[in-house]
Amino acid sequence: MAGEVACTYASLILHDDGIAITAEKIATLVKAANVSIESYWPSLFAKLAEKRNIEDLIMNVGSGSGAAPAAIAAPAGGAGGAAAAAAAAPAAEEKKEEPKEESDDDMGFSLFD
């Protein structure tokens, strides 16, 4: 789990700075942070960055039930993960109307009275 998180942060840092995301650069950032990871993590994240737009992954993190995990699993799972991510995209377009929350004023008391 620490390897995934470290590589995620390294990928986000590289993307934010406009630097190409490669396995070597991810490994360099992780090493500079003194985090020990398995050697395959940087290459997996570099392949993900080649196949998917990082900006789209960032924007779709909370867009639906399971859209982000399916997108992240695409390189490891092959075409099946990509198909699952494509199927989850239309579900993200559906907007649910959230009920309006009642304020403390409506109840006649406040938490800090």
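Trainee: Is Ile 58 buried, partly exposed or exposed?

Mentor: Start with the ground rules. This is a predicted model, where local features need pLDDT of at least 70, side-chain atom pairs count only at pLDDT 80 or more, and totals for chains, interfaces and linings use all residues. Residues are numbered from 1 along each chain as its sequence is written, and side-chain values use heavy atoms, with hydrogens and water left out. Buried means under 20% relative accessible area, exposed over 50%, and partly exposed in between (1.4 Å probe, protein chains only). Ile 58 has a relative accessible area of 37%, so Ile 58 is partly exposed.

Trainee: Which element holds Ile 58?

Mentor: Helices are DSSP runs (H or I, at least four residues), and strands are too (E, at least two), numbered from the N terminus. The protein has seven helices and zero strands. Ile 58 sits in helix 4.

Trainee: Which element gives the largest share of the nonpolar patch?

Mentor: Nonpolar side chains are joined within 5 Å, like charges within 9 Å. This patch covers about 740 Å² by the Shrake-Rupley method with a 1.4 Å probe, and Ile 58 and Met 59 are among its members. Four of its residues, the largest share, come from helix 1.

Trainee: Why is the pair of Tyr 40 and Trp 41 called tilted?

Mentor: Rings of Phe, Tyr and Trp (its six-membered ring) pair if their centres lie within 6.5 Å. Planes under 30 degrees apart count as stacked, over 60 as edge-to-face and the rest as tilted. The Tyr 40 and Trp 41 centres are 5.1 Å apart, and the pair is tilted because the planes are at 40°.

Trainee: What is the plane angle between Trp 41 and Phe 45?

Mentor: Both residues lie in helix 3, four residues apart, about one turn of the helix. Trp 41 is buried at 17% relative accessibility, and Phe 45 is buried at 12%. Their ring centres are 6.2 Å apart, and the pair is tilted because the planes are at 55°.

Technical notes: Patches are made of residues with over 30% relative accessible area and no salt bridge: like charges are joined within 9 Å, nonpolar side chains (Val, Leu, Ile, Met, Phe, Trp, Tyr) within 5 Å. A salt bridge is a side-chain nitrogen of Lys or Arg within 4 Å of a carboxyl oxygen of Asp or Glu.
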